[in-house]
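Hello,

Here is the structure I promised to pass on to you. Please open it alongside this email, and then read on for what turned up in it.

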Amino acid sequence: MNVLTTPLLTGTATGAILLLAALGLTLTFGQMGVINMANGEFLMVGAYSAYVTQQVISSPGISTVIALPIAFVVAGLLGLLLEASVIRWMYRRPLDTLLVTVGVSLVLQQLAQDVFGAQGDPVTAPSWLGGRISVFGYEWPHRQLFTIVLAIGSLGALNAVLKYSSFGRRIRATVQNRELAETVGVSTRNVDRITFFLGSGLAGVGGVAVALISGTNPTLGTSYIIPAFLVVVVGGVGQLKGTVIAAWAVGVVTAFLTDQISGSWAQVITFALVVVFLTVRPQGLFTVRTRSLA
Amino acid sequence: MFRDTTLRRRRAVISAAVALTLLGAGCGSDEKKTESTTAGTTAATTAATTGATTAATTAATTAGSTAATTAGTSAEPPSGDTCVDGDSVELGFLNSTSGVMAISEQTVRDSLMLAAEEINAAGGIMGKQIKWIEEDGQSEPTIFAEKINKLLTEDEVAAVFGGWTSASRKAMLPVVEGANGLLFYPVQYEGLEASKNIYYTGATTNQQIIPAMDFLKSKGVATLFLAGSDYVFPRTANKIIKQYAKELGIEIVGEEYVPLDSDDWTTQVAKIAAAKPDFVFNTINGSSNVGFIKAYDEAGLGPDNSPIISVSIAEEEAPSMGVDLTGQFAAWNYFESVDSPANATFIKAFQAKYGADRPTSDPMEAAYTSLYLYKNMVEKAKSFCVDAVNAASGGVTFDAPEGTVTVNGENHHIAKTGLIGQINADNQFDIVWTSDGPIEPDPFLEGYSWWDPNAG
């Protein structure tokens, strides 16, 4: 049973982090045509938020819980700042945003290195995450379960906001047809800002989960941005449903290949599988039905 | 059909994004390689960028001429000329004081300056005061090559001290050989190299990896699991470990690699938990170590039921794991806890100069030792001339903090004592095993009959 349960469970946990990293990407690209390569650095910011919180509140049990909203707000505000200072000048110019945000991500990494040093900082996991549950012979660490619960919780909250709040309706209206939404009085500027805040904040929450896996270091975001992009591309841009399925699939397939072959080959083969998938279905799993003309 | 255009445009953008991401991935991993060393005092481990084969080739070409004294491009000095006039001698300190490696290499620079001040206070080298010229390698191998060229040809320094990653050493090698200069390299590395213009004062594999295996044998270890980062140092180390394990009758029950830029070890650790080895040999480098140690702890593995021996966790890394490592092992040639008068003096002087909270580590000690070895070589040769120093270097000793070390005049490495430490609650190492005296350096493992460089 171990052959299947281990990769399935660890892969789901990896997928959960990918999901948190990819949600911001898919929201901002779907809505504003912005490709945010700095999204990985919001994970890094979330991880450092967890570290700093732990320096202030030494009890890991309490600080981890408090770090979640802090990471959300800190990363969210940073996203807002990025939007207000750089991104808003280049809406509808995806290639420009791509290049600019690559630069921003390098700046953020160097900043983190100057502030916290190149050597990573430790984040102690709370004792209630130290245990394991036996699932079909695999001793499943609580930490992975926690990551999954965290992702499902964040997804549920995001979904509720999009579906039931008036703000969520405005986001959906903007995604479907920006001009028409503006015509009926939606301030798309505000909508854009808040979407950016939400997306960056979710990556920050993901960063707390990453900190529990590997502590912090300035380049932590770079190892997640690539798989997160794969997830967005496979899932179909601007679609929560597709992003969720793709994140889970990429996580599990990678874990399965890692288990069967090796960690290095798993990355290569996952990439190859994605390329094959995209030649068959270039639009991804799902597509947004947009009513815009261009 | 307008919708189609939109879609097509988006697709184009997406492919561009993926392409750029891939590009970024390339750079990213490169960056990580150096960065990781940072985390590891670890060191040479970084080896990386240049393949093992290149290493072997370079080594092969240079090894032969090791002792040759005529190969140099500098003019043969007239007899009696010491190559340095006046009452001072200029040396180059080439370490990264900016970029990702700065955190590690600054510690080496600090101990070099300490050694230089001590030597000056005691009368200098052959009565000449050391004047050092500091250069910043900027954590970039190409900058290292440029800067060492400047130091040797413009400043005409008598010798250069520095370098950390194997990539930086490999970049400096052709320059220092071309100018017939001297470089003292202070970090343990993957071996398979010997240049007549470089002195290697860190360990080669038979002074760190092989002693670690001897220690495991002495502990009665029957099964071993290998965990490493996926690049040249762990691959080379594990190749040696596997061949030696066969000789020792230790069974390798698993071998797992994770890319340097990946921190998630959960799947591999599950395999270790299932294999239940007597010991794990850890050649992971950098931040990936944190992910490994955390996943290990999560899986309920620890020193009691599944001990680890590491070659990249030292005094500085141990506290940065976020998990208590007490009871785990590491193989080095120097620990801060080495009990000797020379080490007590070194630690006292270092902490008096830089602060009582500063730990001392293996590469720092090797750098400190390198400057004293140079002094002793020059004084034996009675000359600063490179060829004269090379001719005199064999057998030069220094009573270093790690113990007495001796220069091998053939391969320019130094005989060092192998040490195994066990981490205690203060994140210091209790020395639990010591090799029988200093081990003669053997970078190509020629003295080990079981070693076959061409086997898998």
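This is a predicted model: local features need pLDDT of at least 70, side-chain atom pairs count only at pLDDT 80 or more; totals for chains, interfaces and linings use all residues.

H9(B) covers residues 288–298, and eleven of its eleven residues are buried, so the helix is largely enclosed by the rest of the structure. Among the buried residues are Val290(B), Phe292(B) and Ile293(B), and also Lys294(B), Asp297(B) and Glu298(B).

Now for chain B as a whole. Its 456 residues include 57% that count as buried, and the chain has twelve helices and 15 strands. Taking the contacts in chain B with a separation of 6 or more, 73% come from residues 24 or more positions apart.

The chain is divided into two domains. Domain 1 is made of the pieces 52–61, 81–203 and 340–416, while domain 2 spans 206–332. Taken over C-alpha atoms, the centres of these two domains of chain B are separated by 30 Å. Where they touch, eight residues of domain 1 are in contact with ten residues of domain 2. The domain 1 side of that contact has three nonpolar, two polar and three charged residues.

Next, the sheet. In chain B you will find an open sheet of five strands with parallel pairing, in the order E2-E1-E3-E4-E5. Its edge strands are E2 (129–136) and E5 (198–200) of chain B, each of which pairs on one side only. On average, neighbouring strands of this sheet are turned by 25° against each other, direction ignored.

On one hand, eight bridges join E1(B) to E2(B), the two running parallel, and Asn95(B) stands opposite Asp136(B) in E2(B). On the other, E1 (residues 88–95) is joined by three bridges to E3 (residues 160–162) of chain B, again in parallel, with Leu94(B) opposite Gly162(B) in E3(B). Six of the eight residues of E1(B) are buried, so this strand is largely enclosed by the rest of the structure.

Helix H3 (residues 102–121) of chain B packs on it and touches E1, E2 and E3, with a direction at about 165° to that of E1(B). Helix H11 (residues 362–381) of chain B lies across E3, E4 (183–185) and E5, and runs at about 165° to E3(B).

H3(B) has a helix partner as well. Its axis and that of helix H10 (residues 341–354) of chain B come within 11 Å and cross at roughly 110°, which means that H3(B) is roughly perpendicular to H10(B). From H3(B), the residues Asp110(B), Ser111(B), Leu114(B) and Glu118(B) meet Ala349(B), Phe350(B), Lys353(B) and Tyr354(B) of H10(B). By class, the residues of this contact divide into four nonpolar, one polar and three charged.

What about the loop between E2 and helix H4 (141–154) of chain B? Ser139(B) has its place there.

Finally, a stop in chain A. Here helix H5 (residues 142–164) and helix H6 (residues 166–176) pack at an angle of about 80°, and their axes are 5 Å apart. H5(A) and H6(A) are therefore roughly perpendicular to each other. H5(A) brings Val161(A), Leu162(A), Lys163(A) and Tyr164(A) to the contact, and H6(A) brings Phe167(A), Gly168(A), Ile171(A) and Arg172(A). By class, five of these residues are nonpolar, one is polar and two are charged.

Enjoy looking around, and do write back with any questions.

Best wishes

Methods. Residues are numbered from 1 along each chain as its sequence is written. Chains are lettered from A and ligands numbered from 1 in the order in which they are written. Two strands pair if DSSP finds at least two bridges between them. Helices (H or I, at least four residues) and strands (E, at least two) are DSSP runs, numbered from the N terminus. Axes are lines fitted to C-alpha atoms, for helices over the stretch in contact, and angles run from 0 to 180 degrees between N-to-C directions. Two residues are in contact if their C-beta atoms, placed from the backbone, lie within 7 Å. Angles under 35 degrees count as roughly parallel, over 145 as roughly antiparallel, 65 to 115 as roughly perpendicular and the rest as oblique. Ala, Val, Leu, Ile, Met, Phe, Trp, Tyr, Cys and Pro count as nonpolar, Asp, Glu, Lys and Arg as charged, and the others, Gly among them, as polar. A residue is buried if 20 or more other C-beta atoms lie within 10 Å of its own, exposed if 12 or fewer, and partly exposed in between; C-beta atoms are placed from the backbone. Domain bounds come from an automatic or database domain assignment.
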